[in-house]
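Q: Could you take a close look at a single part of this model and describe it with care, setting it against the rest of the chain?

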Amino acid sequence: STFEVLSGGAVSCLSKGASLAWVGFSNDMSLMALDSDGILSMLVQTGSSSKWEWAPVLDTIGLRKSMDDQFWPITVYDGKMVCVPLKGGNTYPDAARRPVTSTLG
C-alpha cells in the first residue's frame, strides 16, 4: 500500500490551548473542525501544490450574546455553520425538545 504525505510540520486546526469540539464535512465535502475556543477551520489545499493546511473560516466568540452561550454544530452548508445555539452554559441541546437551528457566517 502506498500513501502520500499531504502536510508536514505543525499541523493543527486547534487554537493554542483549545481542544477539539466537533469535526465534520461541509456540503462540498471539505473537512471542517471547530475547537473549544469557537474557531471553525477548514482543511484547504495551498496554491497549486498538493499540500494542505488548516484555515480559520469563522470565529463564533463574537457571535455569542453572553460568555455562557455556545453553539452545537450540525453541518457547514455553503460556507455557513448550521448549529443549535445553546444558552446559559448548556453544553448540548435538550433531547426532549426539537432544537431550533441558526446559521452563522
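A: What follows is an account of one loop and its surroundings, read from a predicted model.

The setting is a protein chain whose secondary structure comes to 0 helices and 7 strands, so that the order of elements from the N terminus on is β-β-β-β-β-β-β. Of the 105 residues in this chain, 28% are buried, and among the contacts between residues at least 6 apart in sequence, 22% join residues at least 24 apart.

Serine 30 counts as buried because its relative accessible area is 15%, which falls under the 20% cut-off. Its side chain is joined to that of aspartate 28 by a polar contact of 2.9 Å. Once neighbours within four places in sequence are left aside, the residues in contact with serine 30 are Gly24, Phe25 and Met42.

Methionine 29 also has its place in the loop between β1 and β2, but methionine 29 is exposed, because its relative accessible area is 59%, a value over the 50% cut-off. The backbone of methionine 29 deserves attention as well, for this residue has a positive phi of about 70° although it is not a glycine. A positive phi at a residue that is not a glycine is found again at aspartate 78, with a value of about 50°. Aspartate 78 lies in the loop between β5 (70–77) and β6 (80–86), and it counts as exposed because its relative accessibility is 57%.

The lining of the second largest pocket divides into 7 nonpolar, 5 polar and 2 charged residues.

The largest pocket holds about 270 Å³ of space, and its lining residues include Val84, Pro85, Leu86, Tyr92, Arg97 and Val100. By class, the lining of the largest pocket divides into 7 nonpolar, 1 polar and 4 charged residues.

Another loop, the one between β4 (52–59) and β5, contains isoleucine 61. Isoleucine 61 counts as partly exposed because its relative accessibility is 35%, a value between the 20% and 50% cut-offs. Not counting residues up to four places away in sequence, isoleucine 61 touches Asp37 and Gly38. Although isoleucine 61 and aspartate 37 are 24 residues apart along the chain, their C-alpha atoms are separated by 7.4 Å.

Last come the cysteines and the matter of covalent links. A disulfide is a covalent bond between the sulfur atoms of two cysteines. A search of the whole structure finds 0 disulfides. Cysteine 13 counts as buried because its relative accessibility is 15%, and cysteine 83 is buried too, because its relative accessible area is 0%.

Conventions
Residues numbered from 1 in each chain as written. Predicted model: local features only at pLDDT ≥ 70, side-chain atom pairs only at ≥ 80, totals over all residues. Heavy atoms only, no water. Buried < 20%, exposed > 50% of the residue type's maximum accessible area, 1.4 Å probe, protein only. Polar contact = N/O pair within 3.5 Å; in protein donor to acceptor, adjacent residues only side chain to side chain. Contact = heavy atoms within 4.5 Å. Disulfide = S-S within 2.5 Å. 1 Å grid on protein atoms, 1.4 Å probe; cavity = no way out; pocket = protein on both sides within 12 Å on 5 of 7 lines; lining within 4 Å. Points joined across faces, edges and corners; volume = space filled by probe spheres on them. Nonpolar A, V, L, I, M, F, W, Y, C, P; charged D, E, K, R; others polar. Helix = DSSP H or I, 4+ residues; strand = E, 2+ residues; numbered from the N terminus.
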